[in-house]
Amino acid sequence: MMASGYSAKEEDGHHPGASGATGSGVAKSKKPDNTAFKQQRLPAWQPILTAGTVLPAFFVIGLIFIPIGIGLYVTSNNIKEFEIDYTGADMSSPCFNCSQGPSWNSTWPCHCSIAFTLDQPFESNVFMYYGLSNFYQNHRRYVKSRDDSQLNGDKSSLRNPSKECEPYRTSDNKPIAPCGAIANSLFNDTLELFYIDPNGTRTQIPLMKKGIAWWTDKHVKFRNPGGTNLNLSMVFQGTAKPVNWHEPVYELDTDPENNGFINEDFIVWMRTAALPTFRKLYRIIQKKSNMTPTLPRGNYTLDVTYNYPVLSFEGRKRMILSTISWMGGKNPFLGLAYITVGSVCFFLGVVLLIIHHKYGNRNNSADIPN
Amino acid sequence: MESLRWVQHRCRRLLFPESGLSWYSPADSPPQKNRTTSGDSPAYKPAGKRRMVIARHGPYQDEYCSISKGYQGNRIRTTKYTILSFIPMNLFEQFHRIANLYFLFLVLLNWVPVVEAFQKEITMIPLVVVLGIIAFKDALEDFRRYRFDKVINNNITKVYCGKQRRYVDKCWKDVCVGDFVQLACNEIIPADMVLLQSSDPDGVCHIETANLDGETNLKQRQVVRGLAKQGSDVIPENFDSRIECESPNNDLNRFRGVLENPNKLRVGLCNDNLLLRSCTVRNTETIIGIVVYAGHETKAMKNNSGPRYKRSKLERRLNTDVLWSVVLLLVMCLTAAIGHGLWLSSLKNPAFIIPDGISPVLAGFYLFWTMIIVLQVLIPISLYVSIEIVKLGQIYFIQNDVDFHSGRLASGVQCRALNITEDLGQIQYVFSDKTGTLTENKMVFCRCSIAGVDYPHEDNARRLELYRDQDCDDDDDDDAGRPTTKVKSRSSLRSLSCRSLNCNHSSVSLHTLTGCEMEPDLQTEPLDGGAPRQTAFSSHMEKDVIPDPQLLHKLAQLPSPSLPLLYSTGDSSQEIPYIVDFFLAMALCNTVVVSSPGLLLPNLTLEVPRNPIRSLEDLKLLFPRFGVPRFAALSSPGGNGLQEAESPSNFTQRLLFRMKGSASSFALPKVDVGEGEDSPVRAPSPAQVELGALVSEAAEAEPWLEVESGGDGGPDQDEAEELMYEAESPDEAALVHAARAYRCTLRARTSEKLVVDLPGLGHLTVPLLHVLPFDSLRKRMSVVVRHPLTSQVVVYTKGADSAIMDLITTPKDDRQAADRLRHIRERTQLHLDDYARQGLRTLCIATKVLEEEDYAMWLKRHSYAETSIENREELLQASTSELETDLTLLGATGIVDQLQEQVPETIEALQAAGIRVWVLTGDKQETAISIACSCKLLRATDKLLTANCANKEACEVLLADLLKTVEDGRGAISGFTLVIDGWTLELVLRGGLEDSFLKLAGCCRAVICCRSTPLQKSQVVQLVRDKLGVVTLAVGDGANDVSMIQMADVGIGISGQEGMQAVMSSDFAISRFKHLRKLLLVHGHWCYTRLANMILYFFYKNVAYVNLLFWYQFFCGFSGSTMTNYWVLILFNLLFTSAPPLLYGILDKDVSADTLLQLPVLYQAGQDSLTYLPSTFWYTILDALYQSLACFFVPYFAYADSDISVFSLGTPINTSALLIILLHQVIESRTLTWMHGAVLLGSAFLYFVFILVFSSTCVTCNSPSNPLGIGVRHVSDPLFYCVCLLTTVLALLPRILYRSISNSICPPDLVKAAQMDRLNPDERKRSIQLWRASQLAALESQSGGGGPLLINAEDEAYRQGVGATGSAVS
């Protein structure tokens, strides 16, 4: 016999908290539908990873990866690349003198030229890069130090650059155009390439300065304020040049299509590099005809107008000449990695096959645990 | 004052949700105990916080206004917020979570310029989204509450209006304290009211508290004493009494107050005078009450509790790992900070450093905070939200499981706690109540012993067997795999009896049979929404008792005229008076309410509470036509004082009762009208009496199994069939039904008399003098009646044998009689022990004849006790005990409480799953053991250890002894079962013997605690939970299990026969014990594995992704730079990889439900937390580290020394990370449905669309990580795909390899089970049997040989196993 004490259940049939989620009151009498979803019987694929099920995948991966890897490796090997360090850190280097001198403030240009020899001719278009090492273009505060709307031609930003540009925002109470640390540290060496004929004549190799930036950057992201036809010096009147620059932004080039914010060297620089050792496209040497190689085998001179100081942070400056394939520049890593992974997979496939033979039968028939 | 208190209460609830959660939490305003010492003065001294209620339209208008100002109106508001307060209050609540605060801190940190990592706005997005989702959920819930409130507040009720001087319709919300409310039958009470007037002549009214506690039995309420005697209607204007009562409190069982007349006459008010809000008026035509508590001050509202919050084991585990993540985060940030400092100090002002004059040390310090912002994703903010969503999904599936809805209650499963679903999969100990949990709590009279003679009732026993067999037959097709299991389908049984009854009853009367849900009946239709059952404790199994022929024969001698003589001689050697008294006691000594189903239909739809009234009015109209003769037939020659009682209203009531009884079968009344016309109205003619006797004789001659034989019942039979008994406890109903089987039918009950049929004597009216109700202290109840045959004052007492046997006396003067009585007592005790051994519940029935003067004296004391306000309970207790002495033993009854279906199978499965099952019961030891045997808790081969001792020392020795026995016997005996009684348990718990007890219990397969109190139950649970550190589950169905349910990690309530208390305090509520099996083995397992896997996946995902950023720091001078677009970085977790893990957490299914049910051993994976061990966590972190290394360095080397820009490098890394993370989930998933496919592909698709759209439209936005052109360039670059492919494969290689090799060489049980799921059904069946066989064999080898039972089982399984391997080979 029970003492029939009672206590309250739910206020007037509904419940304050739980009901919201559980519907304890409502669900009480309703018999749920007998559907596959509600009864958790949806038809399902049930992958159980065992040696037997996985080993085909390993073989397939092996079979696919090794050819890809070989392809990549061959492609990478076919790319011709030449690299020369012109930092001048060595006493022996022709640029040693220049490297000791320059600072951002020096106006006196220092020239040096480095001779080099190409053992193989470069057949197709050759891309000329400058490479910097130990230059942290990806530093958090450096990356932020720019004003995209100023670079996009926004006039109010031109006069009043973003605060992110500090401390390269104003100079002498005038707004800096382009503002920020990235623009301020623009790479300002000039590289020229001369071919030395076997008979000793120097021929300057024509370097294309246009077409080195991304199309979207050149045409969408970067714009001079006030359109293209105006006199740029007028537009930029009232702004100051970045402190490290020798000339204002409207004097970067004489070509109006490559001047001001849409100067391609500038645009390339502004796309900050991901890693501290990087290269940036400097010029393109276009193939002239099918008969002669773009850069024939032989001796060359690289003439450098040495402005950019890198030794303070143990940086290096390089000039790179490279042809280009569908996979970009020369990089054997990917090919080797594919081959390695493919081989490992193949090997693991064999191991799994052994395991499968040893243990698989036991598991596939009815199980005997022990 | 009151409203202030209420506000305080609400605030407290709001701020500290835990405080108001416990169901048994102390009352918010504990009722004041009046501490005046003058015990004999009934004066009521208002002191402390009391409330004065005056009629609103009564004579004291001014006073009313001043007093009632502070009282709340009846409008309720359960919403937490208003439109205005929603945002601030919701935010305030949300920031109580540590995780949210942490992220708020991060957002604020990002506003500090020196440490700013991202754009300020971007960092806010995750927090805003998370807060937004939760706020939306809260708002939705609140809106639901608001709508419910509105419905409730606008219910209509009749309230007295002072201007119109009548009762007018008003909304509930406009009801005030002091209003007079008139309610009709089946209406819902709008506020707590004191009952002032009832249409019932006795001034009673019945209410059903189903809305309050789920109990459908009727409770009687009494008009305030004194008022009823006035006889006239209560006129509100003239109501000049004042009511003084306690301040509002939440004690539903207590109400104290006084009603003071202007002439200073004070009448005590008690719980019996109070009508509680949200109860339903039943069986009473109209009532009028005065509102004393309204709105939130009503007891129903005060008892309201919100959902329960518990923290699961998995969540505790999770929190430690979140702490590890924090440590990891700090280590990473510190590394970066130190690295940055060192790096800076080695530089000499290069061009890429922005000069700011900060020393490297300070810069490193700033960087530390920047890194915390950058790497914030490591602390999974979305994890907490995701877990909540996943648990909602899991609960959705649990609640939608059809298997929980089998059976007649159809109440399914309720998940009341929202956040411990995964604990269901880790249970190690189950503590179960017995009555109502393992058993039906359907008491069926089984046998009895009268005056020392046992009546075995063999036919009845056979009948019960039949019921069980029927149950079994129904189930065989349900569960083909296991022929022994039984899914009980009560409805089929029910429909069977319905059909057989259909032959001889009109279809209209059918619905009056208890809750025949099969019947497509008009009146039962609205029921589908609410009532779980219509009538308490009256299924056919309980009702159709087959009498014992021997006893029946003895009883048949009753009508002999010598009977009164026998009584008058007082010759105790005669058996007949014993038998008559025994049956009278069975019929009378109870609080059963006799009613008929017609008016009982619970009308739970609040909108139309008035419908039944019309039928009542109709009945009144019908009354002149046929009512009188019907009524006359009721009276009997034996009835004394019947005539005077027939006031017109009483008459109507009786008529109603009859009408209900005959269930508007109009063929019957017509006959009666014909009869009635020629019989006098008020004096029953002898002819009629003869007719009655004839009918009853005819009925007697009929076969007893009328239901099964479909025999033709006479009109009287018909009517008897439709009587319905509403009992407070199933035992009572069982006894009344049993008495009725012997034609001792309880016909009607009012507060002053009972009408009883006796075989051969017809209707007898028994004046009821007193009812001394049951309480758990006395363990007995009594009624004081005037004996119908001897007119003596007689006390009938029934109760537990321990409570009665001590009160039995043997007369000292009469030796012979004393011998005889002693003989009877010994014999009865013998029978009692025998019953207990059979697992029957025993009750003793005793009687006592009171001398008139003794009675008068006792009455005086008792009525004094009743009217006193001070110490009323104590005084009543004393006077009751005084009466219940010197009893004469009549006999004993044995009531069988049948096991619920599938209990043995469930217990077996739980034990096979490695769960220890303990049974805690208040029953006798013998009963408990016998039940334990029948539910296979105790196997035939087990050795039983009993621990009963009297004092601590003995207990200590005994425990040591038993432990030794166990250690000696280990290996030789298949298992031990410990039985401990309440007293010994008390000694153990108090005497510091817990350790040895637990050690002993740990060696036993099962423990049975009998004779234990509710407190002990919870103490045992606490002991095991805390000392052993295990996950416990308590399951029970009654109020006595509440503390145990609350103590356990998981509390399960069985929504059974004993109201809703257990359910209300539980975390999950199920309707049958057998559902525990699927709940734990299937849903528990799934919930645990799913959630554990999802949590691990979250950790993996965050670590893998965040480390990409960390590796990058080594290449950007530890400057806190990121190579990822900020938007992608933030949305990666929030958008691109959020849905798949949710789906994984809700839908993943490692092993099918069937296999889990058939191989309970699989449950142990959850118990041992195999899915989420600390080592698993660290392996996961290691894997994540490896994957992030692969994911970072493959692109790094692929793009090294190229012209790649910062955010271009990020794209292949991000893309590979996304692919890796999604494919990792595919590897980890056990099931992939079309939904998984859709979500995985959708996520990847969304990512690419986002990248492309963003990179082609964002020109100057999102500086400095402006993505213009990047996405498009990558997508058209074959190298990008080469990099992504290689990265993905390389990153996932180790995990695939590890999984496949471990699954091949030493597959975990779960994997083996999953493999079985893929076999075809025959093979699967065979391999499952094989598995079980090998398990048994393992057990065997452990214990080194067991009972013959086990060997047999192994043989069989072994043979099947051989067959299986044979076929596999061929």
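# Notes on aromatic pairs and cysteines

1. Let's start with F368(B), which is buried at a relative accessible area of 15% (buried means under 20% relative accessible area, exposed over 50%, partly exposed in between, with a 1.4 Å probe and protein chains only). W369(B) is partly exposed, with a relative accessible area of 25%.

2. Quick housekeeping: this is a predicted model, where local features need pLDDT of at least 70 and side-chain atom pairs count only at pLDDT 80 or more, while totals for chains, interfaces and linings use all residues. Residues are numbered from 1 along each chain as its sequence is written, chains are lettered from A and ligands numbered from 1 in the order in which they are written, and side-chain values use heavy atoms, leaving out hydrogens and water.

3. Over all chains, a search of the whole structure turns up 69 aromatic pairs. F368(B) and W369(B) make one of them: with ring centres 5.2 Å apart and planes at 85°, the pair is edge-to-face (rings of Phe, Tyr and Trp, the last by its six-membered ring, pair if their centres lie within 6.5 Å; planes under 30 degrees apart are stacked, over 60 edge-to-face, the rest tilted).

4. Y1112(B) and F1192(B) have ring centres 6.3 Å apart and planes at 65°, so they are edge-to-face. Y1112(B) sits in helix α38 (residues 1075–1113) of chain B and F1192(B) in helix α43 (residues 1174–1199) of chain B, so the pair ties together parts 80 residues apart in sequence (helices, H or I and at least four residues, and strands, E and at least two, are DSSP runs numbered from the N terminus). Y1112(B) is buried at 0% relative accessible area, and F1192(B) is buried at 0% too.

5. One aromatic cluster deserves a look: its members include Y130(A), W269(A), Y308(A), W343(B) and F352(B). Elsewhere, R279(A) lies over the face of Y129(A), 5.2 Å from the ring centre (the charge counts if NZ of Lys or CZ of Arg is within 6 Å of the ring centre and within 35 degrees of the ring normal). The charged end of R317(B) sits over the ring of Y1172(B), at 5.4 Å from its centre.

6. On to the cysteines: there are 4 disulfides over all chains (pairs of cysteine sulfur atoms within 2.5 Å). C95(A) is joined to C112(A), S to S 1.9 Å. The torsion about their S-S bond is about 85°, so this disulfide is right-handed. C95(A) lies in the loop between β1 (81–85) and α3 (96–100) of chain A and C112(A) in strand β2 (residues 110–118) of chain A, so parts 17 residues apart in sequence are tied together.

7. C98(A) and C110(A) form a disulfide too, with sulfur atoms 1.6 Å apart. Here the torsion is about -85°, so the bond is left-handed.

8. In chain B, a disulfide joins C1258(B) to C1261(B), S to S 1.5 Å. C1258(B) counts as buried at 3% relative accessibility, whereas C1261(B) counts as partly exposed at 31%. C949(B) is in no disulfide, and the nearest cysteine sulfur, that of C955(B), is 3.3 Å away. C949(B) counts as buried at 12% relative accessibility.
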